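Here is a friendly briefing to read alongside the model. Please keep the viewer open as you go through the points.

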Amino acid sequence: MHVSHLSLADFRSYARAEVPLGPGVTAFVGPNGQGKTNLVEAIGYLATLGSHRVSSDAPLVRMGAERAVIRAAVTQGERQQLVELELNPGRANRARVNRSSQVRPRDVLGIVRTVLFAPEDLALVKGDPGERRRFLDDLVTARSPRMAAVRSDYERVLKQRNTLLKSAAMARRHGGRSMDLSTLDVWDQHLARVGAELLAQRLDLIGTLLPLADKAYEQLAPGGGPLGLTYKSSAGEAVDSGAARTREALHEVLLAALGEVRKQEIERGVTLVGPHRDDVLLRLGELPAKGYASHGESWSYALALRLASYELLRSEGAEPVLVLDDVFAELDARRRERLAELVAPGEQVLVTAAVDDDVPAVLTGTRFAVSGGEVTRL
């Protein structure tokens, strides 16, 4: 699979942009702040319905514009599709496939698949649990686009349950009458049902991903492993130990855990158990990666997770587009060359760099100069 053309309207710094693309390596080169990352960010948005740089759509719309449009022609074997997303901050986004059929934005998931390497990836190792949860959930959705609906349902249920708990906590603090919390049982069932589906997918993913990540780390930093990925569930040991693996078992575990913390939840006004509170513990050798791994080891770990994601998606269907956003400037010469050699055979590899020297020689292909919002083929 590859993107054969990218069109932007009022996206980030671009009033208009038309970028022809093709298989192989394409590098976007230019000084920082000129719009290189905006191009690959747009392709990433089509794949995930989100940005790797910001958490909301508003910054993606060019200043002064009401909406932004991302359009891409996608080729997979003999099949070609045109996918379009219209971003409307504060309102519902819109999507179309092949110009005529209007669909829900989440229905375009799976048409474009990407694995994106970026400086922000260091947060996978050094950052908060939310970074690792997002990594898992984005990959789960890339493997199975229907999981976008499951994630959306979980967020909706969590929001409703938190609203009820917050109201109960406020009433309690202000000496009012106790609220009728009978509906909390209903929300517990909803949260446990949807949460079990998400949890099962995460656990399956970690088991599949670990050997791939370990292999990738050995390729990047020979002799530096092994890696360890351990799920840490807010629902307790039954999940962490693997005693509960089926959706039915996970549903029961989540329900029981919610019952155990209900008093604390009512006091604090927030849901304390569920996939939104979980983490993945990363180990390098016998030690936790966070806090113990050096800067170079942390980078190699993050890159290994991305390379493992690429190999997993590649083995399960259409090869994803590899995006390397200003990554090589962050690496020492050894890791730079090893990463370049590993990604060079990809069907489509998109690279951004401030200067030509930051693009390893093995990554030969098309070059574009990016300056002042203009994209010029060299």
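**Salt bridges and burial**

Asp356 is partly exposed, with a relative accessible area of 44%; buried means under 20% relative accessible area, exposed over 50%, and partly exposed in between (1.4 Å probe, protein chains only). Its side chain meets that of Arg367 in a salt bridge, at 3.8 Å from N to O. A salt bridge here is a side-chain nitrogen of Lys or Arg within 4 Å of a carboxyl oxygen of Asp or Glu. This is a predicted model, where local features need pLDDT of at least 70 and side-chain atom pairs count only at pLDDT 80 or more, while totals for chains, interfaces and linings use all residues. Residues are numbered from 1 along each chain as its sequence is written, and side-chain values use heavy atoms, with hydrogens and water left out.

**More on the charged pairs**

- Asp356 lies in the loop between strand S13 (348-353) and strand S14 (365-371), and Arg367 lies in strand S14, so the pair ties together parts that are 11 residues apart in sequence.
- Helices (H or I, at least four residues) and strands (E, at least two) are DSSP runs, numbered from the N terminus.
- Arg367 counts as buried, because its relative accessible area is 19%.
- Salt bridges that share partners join Arg161, Asp185, Asp188, Arg262 and Glu265 into one network.
- The count of salt bridges comes to 26.
- Another of these pairs Arg132 with Asp279 through their side chains, at 2.7 Å from N to O. This pair links distant parts of the chain, with Arg132 in helix H3 (residues 129-143) and Asp279 in strand S10 (residues 279-284), 147 residues apart.
- Arg132 is buried at 6% relative accessible area, and Asp279 is buried at 15%.
- Asp332 and Arg335 also meet through their side chains in a salt bridge of 2.7 Å, N to O. Asp332 is partly exposed at 36% relative accessibility, whereas Arg335 is buried at 9%.
- As background, side chains of opposite charge can pair when their charged atoms come close.

**The six-stranded sheet**

- An open sheet of six strands runs in the order S2-S1-S4-S5-S6-S7, with antiparallel pairing; two strands pair if DSSP finds at least two bridges between them.
- Strand S2 (14-20) and strand S7 (101-103) are the edge strands, each pairing on one side only.
- Neighbouring strands of this sheet are turned by 15° against each other on average, direction ignored. Axes are lines fitted to C-alpha atoms, for helices over the stretch in contact, and angles run from 0 to 180 degrees between N-to-C directions.
- Helix H1 (residues 36-48) lies across strand S1 (2-11), S2, strand S4 (68-76) and S5, running at about 110° to S1.

- Strand S5 (residues 79-87) and strand S6 (residues 94-97) pair in the antiparallel sense over four bridges.
- Across this pairing, Val83 stands opposite Val97 in S6, and Glu86 stands opposite Arg94 in S6.
- Six residues separate the strands in the hairpin of S5 and S6, where Gly90 takes a positive phi near 85°.
- S6 and S7 pair in the antiparallel sense over three bridges, and Gln102 in S7 is the bridge partner of Arg96.
- The hairpin of S6 and S7 has three residues between the strands, and Asn98 there takes a positive phi near 55°.
- Which residues of S6 are on its covered face, and which on its uncovered one? Ala95 and Val97 make up the covered face, while Arg94 and Arg96 make up the uncovered one.
- In a regular strand the side chains alternate between the two faces of the sheet.

**Around Thr114**

- Thr114 lies in strand S8 (residues 114-117) and counts as buried, at 15% relative accessibility.
- Leaving out residues up to four places away in sequence, Thr114 touches Ile43, Gly44, Ala47, Leu313, Pro320 and Val321; contact means heavy atoms within 4.5 Å.

**The chain as a whole**

- The protein chain has 10 helices and 15 strands.
- Of its 378 residues, 52% count as buried.
- The C-alpha trace spans about 70 × 50 × 40 Å along its principal axes.
- Among contacts between residues at least 6 apart in sequence, 68% join residues at least 24 apart.
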